[in-house]
Amino acid sequence: MSLTVLEATKLDTFNSFRLVAGHRGLDKIVEKVGILDWEFIKKIEEGPENISDFIEGEFVLSSLLFAKDKPELIIEAVKYLAESHVSGLAIKNIYYTELPDEVISYANEKSLPVFIFHTAYFEDIITETMDKIRSINNSNLLESKVDLLINKNLNKTVIRDIALELNSSFKELFIVVYAKGKKQISESNILNQVELIRKDRTFRQNDTIIKYHDGLLFIATFESLEPSLFTSKTKSLLRSLRIDSEEYFIGISNIHSSLGELGMGINESLFAEKSGEMFKNQLNYFKDIGIFSVLIPSAGINGSETFMSR
């Protein structure tokens, strides 16, 4: 998952942004945010070889101060930005509320998104956008660790080490819940949901929730858990996460007493959820999915990939 220009426009600081050109480039990836300032005019005069400030994937902010009395410089700036393969340009309407037709036409030709905005501060835009990029990068890293746990034949010591990389506060006893929306939910919305859950003051530090593919993967760990309380405890956890079983297919693993079995537990939750999708059951415990609870483990971790792809 990456932050596209389109997804960036959904951030709070982008509320006043108005797209004026380059709509075909809204799927470009935003890697960082930069500022095009008054020094640009000096660099133009010195020659194009001196303009090396911007990189591919950079989203550029500017007030166009350098072109305050020289609107012809705007097209020069936009050309340089397009040649640098930046992901977009946002202009604060201090000096210009509209852009020359030549600029609009060129940006459309190059599929370079250009916005005009008025209320947001550069610092706030940069902070929120970079926070979002870091959040996405962290989510991608966590997903890759989960992939490693379930798709590789690792020994229990290595699995336990990876588990503690996910959360150093994990206890040994755990259950895993995987919830996938019955309706398609965008990756961005899933990630937003994860962030909201993590920020809730009731969320426990010895638990972890991450976006995993197109669902929510929740690992709950405990000092102890009576087997007789397993069902009531999982339902309580779902309520605390505000996961409505009417809106999700939910898979729940068995209780495991060692983090060295985390890969197995994650697979159990994934297969229980997949069984729920197949048979239209909302809440699915791995221990109750019948023949699949025998066939899936016997297939091994590598065999799980084949089953999940069906």
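Predicted model: local features only at pLDDT ≥ 70, side-chain atom pairs only at ≥ 80, totals over all residues.

Student: Why is lysine 287 called partly exposed?

Tutor: Its relative accessible area is 44%. Buried means under 20%, exposed means over 50%, and partly exposed lies in between. Lysine 287 therefore counts as partly exposed.

Student: What makes the contact of lysine 287 with aspartate 288 a salt bridge?

Tutor: The N to O distance is 3.3 Å. A salt bridge needs a side-chain nitrogen of Lys or Arg within 4 Å of a carboxyl oxygen of Asp or Glu. The pair of aspartate 288 and lysine 287 meets in such a bridge.

Student: How many salt bridges does the whole structure hold?

Tutor: The search finds 16. One of them joins lysine 145 to glutamate 165, with the closest N and O atoms 2.6 Å apart.

Student: Why is that pair said to tie parts together?

Tutor: Look at where the partners sit. Lysine 145 is in helix H5 (residues 122–151), and glutamate 165 is in helix H6 (residues 156–166). They are 20 residues apart in sequence, so the bridge ties those parts together.

Student: Is lysine 145 buried or exposed?

Tutor: Buried, with a relative accessible area of 17%. The cut-off for buried is under 20%.

Student: What joins lysine 180 and glutamate 277?

Tutor: A salt bridge between their side chains, at 3.2 Å from N to O. Lysine 180 lies in strand E6 (residues 173–181) and glutamate 277 in helix H9 (residues 262–279), so this bridge ties together parts 97 residues apart in sequence.

Student: How do you know which label lysine 180 and glutamate 277 each get?

Tutor: Set each value against the 20% cut-off. Lysine 180 has 17% relative accessibility, so it counts as buried. Glutamate 277 has 21%, so it counts as partly exposed.

Student: Which residues are linked in a network of salt bridges?

Tutor: Lys180, Asp214, Lys274 and Glu277.

Student: Why is E6 called largely enclosed?

Tutor: Count its buried residues. Nine of the nine are buried, so the rest of the structure largely encloses E6. Leu173, Ile175, Val177, Ala179 and Gly181 point one way, while Phe174, Val176, Tyr178 and Lys180 point the other way.

Student: What makes E6 and strand E8 (residues 215–222) a pair?

Tutor: Two strands pair if there are at least two bridges between them. E6 and E8 are joined by eight, and they run antiparallel. Lysine 180 stands opposite glycine 215 in E8.

Student: How do you know that E6 also pairs with strand E9 (residues 248–252)?

Tutor: Five bridges join them, again in the antiparallel sense. Pairing needs at least two. Valine 177 stands opposite isoleucine 252 in E9.

Student: Why is strand E7 (residues 207–212) called largely enclosed?

Tutor: Six of its six residues are buried, so the rest of the structure largely encloses E7. E7 pairs with E8 over six bridges, in the antiparallel sense. Lysine 211 is opposite leucine 216 in E8. In the hairpin of E7 and E8, two residues lie between the strands, and histidine 213 takes a positive phi near 55°.

Student: Why does tyrosine 95 count as partly exposed?

Tutor: Its relative accessibility is 33%. That lies between the 20% and 50% cut-offs. Tyrosine 95 sits in the loop between strand E4 (88–92) and helix H4 (101–109).

Student: What makes Tyr95 part of a surface patch?

Tutor: A patch residue needs over 30% relative accessible area, and nonpolar side chains are joined within 5 Å. Tyrosine 95, at 33%, passes the area cut-off. Trp38, Leu65, Ile94 and Tyr95 form the nonpolar patch, with about 410 Å² of accessible area together.

Note on methods: Residues numbered from 1 in each chain as written. Heavy atoms only, no water. Patch = residues over 30% accessible without salt bridge, like charges linked within 9 Å, V, L, I, M, F, W, Y side chains within 5 Å. Areas by Shrake-Rupley, 256 points an atom, 1.4 Å probe, with all protein chains shown as cover. Helix = DSSP H or I, 4+ residues; strand = E, 2+ residues; numbered from the N terminus. Buried < 20%, exposed > 50% of the residue type's maximum accessible area, 1.4 Å probe, protein only.
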